[in-house]
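Subject: Handing over a structure

Dear colleague,

I am passing this structure on to you, and the sequence and coordinates are placed just below. Please look them over first, and then read on for what was found.

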Amino acid sequence: MVTDKKHIDPPKKRLILGCGALVYDLLRLIKQNPALSDKVNLQCLPASWHNTPQLIAPGVEEYLAENSHLYKDVYIAYADCGTGGALDRVLKKYNAKRISGAHCYEFFAGSDVFEQLSEQELGTFYLTDYLVKNFHRIMIKGLGLDKHPDLFDIYFENYTKLVYLAQTENEQLQKDAVQYAKDFGFEYEYRLVGTGGLDSVFEEIDLVPLATEEEK
Amino acid sequence: MSEEDDFDLNDLDDKELVEQIQDDLYDGLDEEVTEGTEILLSRGWDANDVLGDALVAGMKIVGIDFRDGILFVPEVLKCAGAMKGGMKVLRPILAQSSEDTSLGKFVIGTVKGDIHDIGQKLVSMMCEGAGFEVINLGINNPVENYLEAIDEHEPVILGMSALLTTTMPYMGVVVEEMEKRGLRKDVHIMCGGAPLNQEFADSIGVPAYGRDAARSAEMAEEYVRSLGKQRGHR
């Protein structure tokens, strides 16, 4: 584990610790709000943990144990993400908040839309910008399908549809997602949902004006 | 494997062959596990001993390494496939065997509204590896499916799985219905799935929450052992 003691920029008083699969979206949101970039330090943990959620809570705990004292507050850019409440138990120790929801699909789409999509077709498989961009690494290699293509049926036998929950409008990513749906033999649906609940990570930080920060 | 490394399983003595089957199981080599199982049987081994000494013992190692983060889902699924190869040979013989060495029947299924089954497949495989006879009901099971399976199979344990926060409360419906029908005293209930935790299990009256497949199989075995039974159906 790499600690950031040496690299910490003193004026950046808040830590945003997030899933690596959200890094582009988090950076974009920070860039859109210059006031935020002065206040936060963004650190991400491996996106590959998407496939091994049992590593998330221990990984977050290890990072926070080494680094949380360097920050005023800690904000977590994860949902529960398949940790079965284990992440929440870690966050309680550090008085940190995470994004509400079960996983990124839910907070990107919003709970109502996600529920509606699930009700329409139970066997729906979701992709985000990050997962489309890194489809081979996370989905094919990450699930071992490159070495064991015979596992495809075990993983996907109950799925019939792929929904691409897009954060940005990107023609190439849309083409790629269509191709992945074809390759898997799934129906395809595209929804431009943006970053949805991910923005909530910044809400509390944004509420405190810089002047107040400096006075402290 | 190079030609030099290639060898005939028939050349190994019994002890070496059992160890080789365990290694092949770990590596997910279903053809080799099937062949090794057949060779042990052809040498006069009892099917129960092949199951216990080679396959179950091999799966225990897989379970431990999965629990400890050395093996991950893809590898364990391959191990499950290899185990199935061996079980395909043994199952018909075990069915006719007068000696019942099963830990009992374990009925498992994903609840209504949920199609996620990788986790419960892993639990099924780990429990089969531990010596249970597993009846997997698959996905999207309404309460009726669980009740019918309990009537038909008389399991010692019922396992329910869910991956969604919206579907996990349905486990409570199943528990309630079992309570109404007086089935709880005969059937131990376990639950698992990513969004669950012990608090949720407590809230719906399920005594055993399995945080992962390996732990679930351990808990199932511990439960049967706690009944004072070494093996056998309820």
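Throughout this message, helices (H or I, at least four residues) and strands (E, at least two) are DSSP runs, numbered from the N terminus. This is a predicted model, in which local features need pLDDT of at least 70 and side-chain atom pairs count only at pLDDT 80 or more, while totals for chains, interfaces and linings use all residues. Residues are numbered from 1 along each chain as its sequence is written, and chains are lettered from A and ligands numbered from 1 in the order in which they are written.

Let me begin with helix 7 of chain B. Its buried residues are Y170(B), M171(B), V174(B), V175(B) and M178(B), within a helix that spans residues 170-180; a residue is buried if 20 or more other C-beta atoms lie within 10 Å of its own, exposed if 12 or fewer, and partly exposed in between, with C-beta atoms placed from the backbone. Seen down the axis of helix 7 of chain B, these buried residues fall within an arc of 150°, so they line one face of the helix; the arc is that of the directions from the helix axis to the C-beta atoms. On the other side of this helix, E179(B) and K180(B) are exposed. The cover over the buried residues includes helix 6 (143-153), strand 3 (157-161) and strand 4 (188-192) of chain B. After helix 7 of chain B comes G182(B), which has a positive phi near 70°.

Turning to chain A, we find 12 helices and seven strands, and buried residues make up 37% of its 216 residues. An open sheet of four strands in chain A has the order 2-1-3-4, with parallel pairing, where two strands pair if DSSP finds at least two bridges between them. Strand 2 (40-45) and strand 4 of chain A are the edge strands, since each pairs on one side only. Strand 1 (residues 14-19) and strand 3 (residues 73-77) of chain A run parallel and are joined by five bridges, and R14(A) stands opposite D73(A) in strand 3 of chain A.

Two residues deserve a look for their backbone angles. Most residues other than glycine have a negative phi. N95(A), however, has a positive phi near 50°; it lies in the loop between helix 4 (86-93) and strand 4 (97-98) of chain A, and it counts as exposed because it has 9 C-beta neighbours inside 10 Å. N140(B) is not a glycine either, and its phi is positive, about 55°. N140(B) sits in the loop between strand 2 (133-136) and helix 6 of chain B, and its 19 C-beta neighbours inside 10 Å make it partly exposed.

With kind regards

Note on methods
Contact = placed C-beta atoms within 7 Å.
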